[in-house]
Amino acid sequence: MVEIPPAVAKFLDGTHQSIVIGGERREARSGNTIDVRDPGTGEVIGRIAAGGPDEIDLAVGDARRAFEEEWRDTKPAARERALLTLADLVEANAEELATLETLDVGKPLTESLYVDLHYAATSLRYFAGWATKISGDVHPVSPPVGDAFVYTRREPLGVVGAIVPWNYPMLFYTWKVGPALATGNTVVIKPSEFTSLTAIRFAELALEAGIPPGVVNVVTGYGAEAGQAIIDHPGIAKISFTGSTATGRKILAATANTMAKVTLELGGKSANIIFPDADLDAAVQGALFGIFLNQGQVCAAGSRLFVHPAVHKEVVEAIAQEAEAIVLGHGLAPDTQMGPLVSDVQLARVAGLVDSGRQQGATVVCGGERPGGDLAPGYFMQPTVFTDVKDDMRIAREEIFGPVLSVFSFDEEDEVIARANASRYGLVAAVWTNDLKRAHRVAAQLEAGTVWLNAYNVLDPTTPFGGYKDSGIGRDLGLEAVHSFTQTKSVWVNLD
Ligand code: NDP
């Protein structure tokens with residue numbers, strides 16, 4: 001049994017008022033709620049409001065009012081200061097936010113604190129800095145007669161719909177709200193129905209940071225209701241989305257009508273390639289971190305591990321030995337190294353794919369089962385490693401989004417590049433080698449938005465992140481992300 005801290009228990013009592021519009025917390029007009037379950041126990045620990053089109057309409061209206069009356073004209077230095085204060089508040093409340101995230105998502109508390117909350121505060125600070133640095137250009141025009149002075153302004157878009165998944169809720173709020181607010185937009189956040197708790201606290205902290213009511217709004221609810229209402233709403237100027245490719249396609253279809261701009265950060269089936277000259281200890285640690293972080297529920301998960309035959313046996317044995325030693329448990333238990341999956345739905349999806357691997361002839365080297373005993377009521381899955389995986393099996397092609405690694409063997413550099421690229425996805429890839437020329441040669445040929453050389457799962461707010469092919473459109477993070485929350489206006493001044 002784990003104990004929920006009293007302050008968090010008190011907060012959980014009021015989560016039926018999870019919708020935040022114009023700075024006010026409220027229930028859904030319908031009175032409908034969604035149970036919040038602790039994935040570590042399967043127990044109901046609270047309930048959130050099931051908002052829908054009515055609430056989205058109210059939120060978009062209020063966000064538009066806040067945009068026109070206040071935020072777009074707030075001085076850049078004041079926007080920067082407010083975002084920096086928000087980052088400080090996120091840091092000051094990190095313990096509480098991390099506890100909520102762990103209760104909602106399942107990940108170990110240390111991970112919530114040192115990955116999610118750390119990067120949430122860091123990302124806000126990075127985006128805060130851009131508020132005072134976004135500028136246009138002066139253009140050396142050559143009009144046929146006379147002369148002109150031409151400059152560009154980077155202006156905000158309006159109301160941004162931020163649709164956020166359940167794997168890194170806090171972190172993704174900052175990746176979307178940070179650049180949106182820095183550039184003068186206002187936001188309506190639709191968190192995942194599975195993990196909405198930190199969204200409420202985030203909106204409260206935004207108010208505490210001096211960000212005016214209506215600038216950051218939250219509408220909790222089901223994807224098919226609240227989410228769909230955002231993407232269909234004509235008042236939304238941009239959708240910033242992270243989630244599945246299937247929902248990404250629905251967003252593209254809906255925005256064909258509304259003309260909203262889109263940034264889509266979607267799934268992956270990423271290749272992690274170990275050449276025989278690699279530092280094998282580091283490569284094994286990288287492979288483990290690549291697949292088991294956040295129970296494998298990471299868009300960048302290194303779920304396809306390609307290992308050269310010269311080191312295949314050694315690498316697989318080392319990975320299996322470490323995977324079997326991982327301590328599974330409730331995220332709030334102090335010795336837990338891996339928590340449960342986020343929901344029963346996700347557990348069923350992952351277990352189904354593991355079964356398909358067995359049925360299609362792959363070999364389970366370790367794991368492959370749900371743990372029993374005290375953990376049985378939670379949504380746990382053992383860390384699982386498959387070998388003898390063929391490129392056309394489901395576990396080789398589909399995003400599993402769970403702690404499941406498929407290991408392949410390859411002989412030649414060209415062959416492994418072709419196989420790594422033979423996926424509809426193209427989010428990230430990694431290469432382990434001590435041959436400098438090979439490292440850069442392979443990095444250049446991999447079809448992925450990020451390539452790590454002798455590293456895995458490292459990100460920084462300065463560096464664009466996003467996918468090739470079905471892994472998305474546009475980039476989160478970096479200046480590229482900041483620019484995507486603006487539109488360019490060219491101003492011509494007649495000098496004759
Ligand atoms: P979804 O794409 O359904 O969820 C992502 C977000 O979109 C959630 O907030 C969801 O709300 C919302 N949403 C769902 N349907 C709509 C809609 N019609 N219009 C607007 N918003 C919508 O992912 P799932 O939770 O179903 O996960 C399925 C798979 O997607 C995972 O197994 C994984 O493979 C992949 N995934 C990838 C992620 C990534 O980081 N790239 C993150 C999460 C999932 P709600 O949760 O309330 O339905």
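Biologist: Which helix gives the largest share of the shell around the ligand?
Modeller: That's helix 8, with 4 residues. Keep in mind that this is a predicted model.

Biologist: OK, and which other elements supply at least two residues of that shell?
Modeller: Besides helix 8 (223-232), you get strand 10 (238-242), helix 9 (245-258) and helix 12 (344-359).

Biologist: How many residues surround the ligand, then?
Modeller: 29, and the closest are Val164, Trp166, Glu193, Ser244 and Glu399. By class, the shell has 11 nonpolar, 12 polar and 6 charged residues.

Biologist: What does the side chain of glutamate 399 do there?
Modeller: One of its N or O atoms is 2.7 Å from an oxygen atom of the ligand. Serine 192 has a side-chain N or O atom 2.8 Å from a ligand oxygen. Glycine 243 uses a backbone N or O atom, 3.2 Å from a nitrogen atom of the ligand.

Biologist: And how much of the ligand does the protein bury?
Modeller: 90% of the 850 Å² that the ligand exposes when taken alone.

Biologist: Switching topic: where does the ligand sit?
Modeller: In the largest pocket.

Biologist: Why do we say it lies between domain 1 and domain 2?
Modeller: Because domain 1 (6-266 + 471-491) and domain 2 (271-460) both give residues to the shell around the ligand.

Definitions and conventions: Residues numbered from 1 in each chain as written. Predicted model: local features only at pLDDT ≥ 70, side-chain atom pairs only at ≥ 80, totals over all residues. Heavy atoms only, no water. Near = heavy atom within 4 Å. Polar contact = N/O pair within 3.5 Å; in protein donor to acceptor, adjacent residues only side chain to side chain. Areas by Shrake-Rupley, 256 points an atom, 1.4 Å probe, with all protein chains shown as cover. 1 Å grid on protein atoms, 1.4 Å probe; cavity = no way out; pocket = protein on both sides within 12 Å on 5 of 7 lines; lining within 4 Å. Sits in = over half its atoms within 2 Å of the grid points. Nonpolar A, V, L, I, M, F, W, Y, C, P; charged D, E, K, R; others polar. Domains from an automatic or database assignment.
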